[in-house]
Each structure stands twice: as C-alpha cells, then as structure tokens.
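Work through the exercises below with the model open beside you. Try each task before you read its solution.

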Amino acid sequence: MLHDPARHEPLNRFEWNPAAVQQTIERIVLDAEERYSGDSLWPLHPLDADGGERGPTHDLYGGAAGVIWALHYLKAVGATALRRSYRDEIRTVRSRGRRESDNAASYLIGDTGALLVDFWLSPSAETADELDILIGGNLDHPARELMLGSPGTMLAALFLRQHTDEPRWSGHYTATVRKLWAQLEWSPEFGCHYWSQQLGRYRCTYLGGVHGFAATAAAIIKGRDLLDTSEWDAWERCIVSTMRATTQREGNRLNWLPFLYPENGIVYPPKRLMQVCHGAPGVVIGLAGLPSDELDAELVAGGEAIWEAGPLRKGSGLCHGTGGNGYAFLKLFERTGDERWLDRARAFAMHAIAQMQAHALRYGQLRYSVWTGDPGLAIYLWDCLRGAGSFPTLDAFFPPE
C-alpha cells in the first residue's frame with residue numbers, strides 16, 4: 001500500500017457549501033484578531049508545544065509572523081476585512097524572534113520570513129538591506145532544503161525580485177541555483193541526481209515537498225525565466241529524471257519515496273507518508289508548474305493516490321493535514337482543467353472545516369499558525385472558493401496590487 005491507513009480517516013461526504021466556507025474564513029480571522037495580545041501575541045496551541053518543551057514562536061512557519069502575514073494576505077486578496085493593521089506589530093515579532101544560530105537566516109523558521117513580512121507591510125531600504133545580508137549569507141547552508149537552507153532563501157529572493165524588480169534579488173537567486181547545481185550528487189542505484197540535506201546532526205536524502213528534492217525543484221521551476229535557456233533545459237531534464245526514478249506505483253496510483261538512502265536519524269523501512277512535507281501531495285504541489293507535460297501522468301497518478309488515502313487524521317492544516325493535501329487537487333484542476341479535481345479539493349475543504357471545529361472544541365481554542373493551524377486553512381478555503389491554488393508562502397507571498 002502506498003500510504004499508512006492509520007494516518008488517514010474516511011472522508012465525510014459533506015455537500016460543498018460556499019456560505020459555510022466563507023463563514024469559516026471569517027470566524028478564523030475574527031478569532032485571531034480577538035485573541036491577539038500585545039504581550040503574548042497569540043496563544044500557543046497544545047499541539048505546537050512539543051509536550052511543553054517549546055514556547056510561542058515568531059517565525060513564518062508556525063509563529064506570529066506567519067499569522068500577521070496570513071491576516072493581511074486574506075485582506076489583500078478580498079477574502080475578509082480586518083479590524084486593524086498589524087504593520088507595527090511585526091517589528092515586535094522580529095525583535096522577539098531574532099536568533100543567533102546557524103539557522104538564523106532560514107526562510108520559514110528563521111529571521112528572513114519575518115523580515116519579508118515587515119518589508120511587505122512597511123517597505124524600507126533598511127529592511128531590504130537586512131534581507132540582502134541574510135539571503136546572501138545563507139548560500140552555503142548545508143541543509144539544502146526549503147525550511148532551513150538556501151532553497152528557502154532563494155525563494156525569498158525570487159519573491160522580492162517579482163515584487164521590486166531589483167537586480168540584486170535576481171543575483172541572489174541565480175547564484176543559489178548555480179550553487180545547487182554544483183552540489184547535486186549522482187545515485188547509480190536509482191540513475192538520477194539528488195541532494196543530501198544536513199539537518200542538525202542528521203544527514204538525509206529527502207525527496208519531498210518541504211525538506212527534499214521536489215521543494216527545491218519547485219523554486220527552480222518558479223524562477224526559470226531568470227536562467228539561460230541551456231541552464232533551464234538541463235534543470236528540466238534533471239527534475240524529470242529524478243522524479244520519475246523515485247516513484248512507487250500501484251495500478252493508477254503513485255507515491256514518491258520519502259528519501260533515497262537510509263542514513264543516520266532515518267528509520268527503515270520508511271514511513272508511508274502522504275502529506276505535503278513527504279509524499280505525493282508536496283510533489284504534486286511543487287511540480288505542477290513544470291512547463292512541459294513530461295510528468296503529467298505521474299502527477300495525475302499522485303493525485304489519485306492522495307484521493308484514495310483520504311483526509312489526514314492529524315487535522316486540517318497545511319504541512320501534514322487535510323488542507324495541505326487538498327492543494328494538490330487545486331493544482332491538478334488548474335493544470336488539467338478536469339472539474340473532478342476541484343470537486344475533490346472542495347470535498348477536502350468541507351472535511352477540514354469539520355476537523356477544525358472538532359479540534360476547537362477539544363482544545364478550547366483555534367490554532368494560530370500558517371503551516372500547522374487555522375490561518376493557513378482559511379487561505380486554502382479561499383482558494384477553494386475561487387477555484388485556484390496558491391500555496392501560502394510557497395506560491396504566494398506578495399499579493400497582486
């Protein structure tokens with residue numbers, strides 16, 4: 001079997017209800033505004049506390065910077081109204097979250113993400129210069145994945161280039177792409193290229209949509225207009241080859257290996273994961289922008305595997321929840337025009353709403369996080385309403401003017 005049934009649950013066959021979806025978006029936003037505190041920002045959810053060992057975070061992935069970004073993003077795209085601006089609060093978030101570590105420049109869990117929110121809400125030359133230093137200084141990070149390493153800060157540079165058209169951001173992007181090309185390794189067993197990711201004391205060879213090959217490939221696909229034609233052609237051959245060589249297939253369904261080689265810190269046999277960070281959902285989301293049709297059959301087969309697995313038991317969030325997996329269906333709808341993918345995305349949306357409501361009753365609060373919580377779900381619900389998928393902080397950062 002391509003997935004672990006214990007991690008999934010049967011789909012609730014709720015009828016698509018646009019009014020209920022809009023009401024849920026507004027509930028999430030209103031609750032976040034009501035629960036905001038100048039002292040503590042937003043309450044930490046028990047599921048984000050790691051057994052009480054971790055306090056509130058201030059980053060883009062699971063912390064206050066991400067909540068501020070999501071609230072203003074939802075307002076900017078017309079999904080809801082806000083009672084107030086959080087433009088000044090992002091400075092507080094930045095000062096509290098600033099860290100001195102090897103991961104300080106990280107896009108999702110370091111300072112770069114919060115700085116990017118600050119630059120959007122209050123653009124300044126000073127903030128741009130700080131981003132310039134962080135992104136440039138992350139070029140040699142050994143993680144080589146989206147959350148910590150240079151692929152994440154490369155994506156931040158791409159967003160800045162698209163938003164400002166300043167040449168320095170293009171320079172950071174292309175320098176990172178070329179560095180990553182030089183760091184590719186060859187697997188004779190699989191007949192494809194891959195990267196090693198040094199995550200703390202662990203060396204890994206992940207392939208998925210956050211920590212692995214597909215996530216980095218997605219950022220390269222997104223910025224391919226900045227590359228020479230010959231460079232992009234080589235990258236496209238590399239991406240297609242690796243993603244074809246690392247599949248697991250059953251009938252018309254397909255998943256991807258979580259990693260190539262079991263190394264320190266990795267359990268073998270690997271878990272059969274079907275979520276954004278590892279498995280078909282993240283691969284489909286990341287590679288749906290590939291300009292050629294060479295992986296279309298694999299992406300559709302991945303979508304069938306996600307649908308067969310059903311919603312994730314963990315909840316409604318993006319990283320390893322029902323909302324995140326639903327984005328794969330939105331991507332396939334945009335790519336193929338087949339309405340069944342939009343219907344499936346909306347079915348997952350209705351299920352995710354029920355999961356969110358059940359968790360709110362169980363824990364006595366909503367979950368204030370883009371990637372693991374309810375603001376990220378609100379953006380997914382909005383994308384289901386409009387019938388198009390822009391995965392928060394990966395596809396979309398600066399909303400259209």
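This is a predicted model: local features need pLDDT of at least 70, side-chain atom pairs count only at pLDDT 80 or more; totals for chains, interfaces and linings use all residues.

Residues are numbered from 1 along each chain as its sequence is written, and side-chain values use heavy atoms, without hydrogens and water.

**Exercise 1.** Compare the reach of helix 13 with its expected span.

Solution. 
- Helix 13 covers residues 339-363, which is 25 residues. Helices here are DSSP runs (H or I, at least four residues), numbered from the N terminus.
- The expected span is 1.5 Å times one less than the number of residues. For helix 13 that gives 36 Å.
- From first C-alpha to last, helix 13 reaches 36 Å, close to the expected value.
- Now look just past the end: Gly364 has a positive phi of about 75°.

**Exercise 2.** Find the charge that sits over the ring of Trp341.

Solution. 
- The test: NZ of Lys or CZ of Arg is within 6 Å of the ring centre and within 35 degrees of the ring normal.
- The charged end of Arg344 sits over this ring, 4.9 Å from its centre.

**Exercise 3.** Classify the ring pair Tyr36 and Tyr86, and say what the pair ties together.

Solution. 
- Rings of Phe, Tyr and Trp (its six-membered ring) pair if their centres lie within 6.5 Å; planes under 30 degrees apart are stacked, over 60 edge-to-face, and the rest tilted.
- The whole structure holds 20 aromatic pairs.
- For Tyr36 and Tyr86, the centres are 5.4 Å apart and the planes at 75°, so the pair is edge-to-face.
- Tyr36 is in the loop between helix 1 (18-35) and helix 2 (64-76), and Tyr86 in the loop between helix 2 and helix 3 (89-97), so the pair ties together parts 50 residues apart in sequence.
- Buried means under 20% relative accessible area, exposed over 50%, and partly exposed in between (1.4 Å probe, protein chains only).
- Tyr36 has 14% relative accessibility, so Tyr36 is buried. Tyr86 has 0%, so Tyr86 is buried.

Technical notes:
Helices (H or I, at least four residues) and strands (E, at least two) are DSSP runs, numbered from the N terminus.
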